[in-house]
Amino acid sequence: MNQTIKSTTAVALALGILCGPAWADMEAAKEFLDAEIGDMSALTRAEQEAEMQWFIDAAEPFKGMAIKVVSETITTHEYESQVLAPAFEAITGIKVTHDLIGEGDVVEKLQTQMQSGENIYDAYVNDSDLIGTHWRYQQVRNLTDFMANEGADVTNPGLDLDDFIGLQFTTAPDGKLYQLPDQQFANLYWFRNDWFTDPEIMAEFKEKYGYDLGVPVNWSAYEDIAEFFTGREINGVEVYGSMDYGKKDPSLGWRYTDAWMSMAGMGDKGEPNGLPVDEWGIRVNENSQPVGACMARGGAANSPAAVYAVEKAVEWLNKYSPPSAMGMTFSEAGPVPGQGNIAQQMFMYTTFVAPLVDSPAVMNEDGTPKWRLAPSPHGVYWEEGMKVGYQDVGSWTLMKSTPEDRAKAAWLYAQFVTSKTVDVKKSHVGLTFIRESSIQHESFTERAPKLGGLVEFYRSPDRVRWSPTGTNVPDYPKLAQLWWQNIGDAMSGAKTAQEALDSLCSDMERVMERLERAGIQGDLGPVMNEEKDAAEWLAMEGAPKPAIEMEREEPQTVAYDDLVASWQ
């Protein structure tokens with residue numbers, strides 16, 4: 001991944017884009033298009049130049065301004081920071097410092113700006129997981145009104161919102177757009193297709209388990225496959241049947257709030273998120289007001305399905321993952337399958353596909369992958385119509401505490417790095433698609449065989465079933481930190497899964513009770529249910545669901561080619 005960034009940066013340096021004078025310059029734009037974009041764009045060259053001329057003209061009042069923006073550290077944002085930000089400065093005369101920090105740190109900075117009113121950053125690439133927070137607190141500019149009013153003169157007429165594939169995740173129940181997608185990636189099942197299709201391995205698996213080795217449809221099959229591969233030696237390498245991570249760190253919570261609980265079947269049916277109970281176990285009423293997280297208030301965060309989800313995660317991490325995985329974080333564990341000793345992973349964030357394609361251990365000499373991507377298997381509590389996985393939508397967010405001129409300049413940069421001119425090239429670098437025009441670009445038709453099913457997934461109608469955190473969560477920064485702290489206790493063995501989840505849901509309810517008392521979210525904030533016997537809720541339809549006596553269902557797999565055919 002870094003090679004791509006380094007090479008493009010070197011080309012730009014050679015042409016003087018990154019070290020030239022900071023003034024608006026069409027010549028700099030043409031040099032940038034020649035050196036960096038070429039035909040890797042959804043626009044013709046004439047259309048590209050017209051879009052660059054619009055940026056030059058719109059940026060005229062802000063020439064010489066220096067702004068600061070921030071995002072998490074992933075390949076896509078490295079490319080923006082190292083290549084697109086300097087190009088934007090050369091073209092528009094606006095200097096951008098694009099900081100790269102951990103995702104947890106981004107949320108912390110955002111929370112600090114919300115609480116203090118101090119303008120720390122002029123724009124944030126902030127996950128759409130905070131849509132419920134932004135909608136309720138009203139501390140960010142809603143972009144629908146901003147683009148129509150004070151931001152109209154700095155809104156690109158070629159922005160083409162209809163081309164963005166993730167706007168439903170950044171639009172609140174009030175119908176307003178609060179964030180503009182910048183990068184988007186799903187979590188998908190990952191497996192070593194070369195091993196899964198090896199005749200000897202397939203025959204041995206069939207003899208041992210009585211069914212075909214293939215993409216697991218449910219957790220029972222995943223478990224069998226993990227057991228089968230763990231400890232096996234393939235081509236002189238000791239193999240592990242699963243990969244995950246368990247360090248008590250903010251990223252541990254994401255594993256569960258993102259999709260683990262929904263894949264287990266904890267929440268209700270509903271797309272993009274379960275209603276009235278979502279994948280955090282939070283119940284809302286008919287007015288979208290949170291009313292509880294524990295079973296006693298109709299929530300599901302400590303329900304049998306939630307306990308099952310955590311117990312399986314701990315068991316599989318201890319039994320089937322490398323011993324070092326328990327001490328790893330999200331960013332440390334992500335590249336491990338690329339080392340060549342992992343058979344499968346329940347879900348891999350597809351942002352890690354970029355480094356995977358640079359790893360010889362899991363790529364063939366012809367550039368095709370030894371691995372494939374597929375939908376993640378689901379747990380025994382899961383039912384058709386429930387959320388099947390998570391999709392991260394990192395999105396540009398403008399705070400109301402940012403002065404208007406700085407917000408406008410930052411909005412120009414946000415539109416530049418998501419523009420049709422640059423998005424195809426950016427998508428090739430980071431593989432985090434946000435535009436339909438990029439997904440359908442002929443260059444991705446050519447590259448698809450080397451990306452293990454990623455392009456096929458994003459071209460399929462199924463992609464909309466993978467979704468970020470929804471609007472049930474009233475305060476993401478405050479609630480998210482409770483997950484990793486409590487799940488971490490279950491991971492370490494300090495508490496049982498039930499004890500950890502009882503503590504988690506109680507902690508979440510205390511935060512929601514404080515929000516209710518403070519009244520700071522108005523009629524959108526929590527209105528907590530009265531507690532009653534959990535058995536009353538368990539007897540009702542939907543989440544929380546009563547315990548299933550036999551939590552191991554009949555294992556089921558599907559042939560990968562049949563699965564891909566169903567996406568067409």
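A salt bridge is taken here as a side-chain nitrogen of Lys or Arg within 4 Å of a carboxyl oxygen of Asp or Glu. The model is predicted, so local features need pLDDT of at least 70, side-chain atom pairs count only at pLDDT 80 or more, and totals for chains, interfaces and linings use all residues. Residues are numbered from 1 along each chain as its sequence is written, and side-chain values use heavy atoms, with hydrogens and water left out.

By the salt-bridge rule, the count comes to 34. One of these joins the side chains of Lys-248 and Asp-489, at 2.8 Å from N to O. The pair links distant parts of the chain. Lys-248 lies in the loop between β7 and α11, and Asp-489 in helix α20 (residues 476-492), 241 residues apart. Helices (H or I, at least four residues) and strands (E, at least two) are DSSP runs, numbered from the N terminus. Lys-248 counts as partly exposed because its relative accessibility is 43%. Asp-489, at 15%, counts as buried. Buried means under 20% relative accessible area, exposed over 50%, and partly exposed in between (1.4 Å probe, protein chains only).

A second bridge connects Lys-426 and Glu-80, again with 2.8 Å between N and O. Lys-426 belongs to helix α16 (residues 420-430) and Glu-80 to helix α4 (residues 75-92); 346 residues separate them.

Asp-244 pairs with Arg-255, the closest N and O atoms being 2.8 Å apart. Asp-244 sits in the loop between β7 (237-238) and α11, while Arg-255 is in helix α11. The two are 11 residues apart. Asp-244 has 6% relative accessibility and therefore counts as buried. Arg-255 has 1% and also counts as buried. The charged end of Arg-255 also sits over the ring of Phe-347, 3.9 Å from its centre. For such a contact, NZ of Lys or CZ of Arg must be within 6 Å of the ring centre and within 35 degrees of the ring normal. Lys-532 is placed likewise over the ring of Trp-537, with its charged end 4.5 Å from the ring centre.

Helix α11 (residues 250-264) also holds Tyr-256 and Trp-260. These residues are 4 apart, which means about one helical turn between them. Both Tyr-256 and Trp-260 are buried. Rings of Phe, Tyr and Trp (its six-membered ring) pair if their centres lie within 6.5 Å; planes under 30 degrees apart count as stacked, over 60 as edge-to-face and the rest as tilted. The count comes to 40 aromatic pairs. Among them, Tyr-256 and Trp-260 form a tilted pair, 6.0 Å centre to centre and 55 degrees between the planes.

The largest nonpolar core has 134 residues. Such a core is a set of buried Ala, Val, Leu, Ile, Met, Phe, Trp, Tyr and Cys residues joined through side-chain atoms within 4.5 Å. Tyr-256, Trp-260 and Met-508 are among the members that touch the most others. Helix α12 (residues 304-320) supplies the largest share, 11 residues. A second, separate core of 50 residues includes Phe-55, Ile-56, Val-69 and Tyr-79.

Strand β1 (residues 66-72) is mostly covered, with 5 of its 7 residues buried. Strands pair if DSSP finds at least two bridges between them. Here 7 bridges join β1 to strand β2 (residues 95-101), and the two run parallel. Glu-72 stands opposite Ile-101 in β2.
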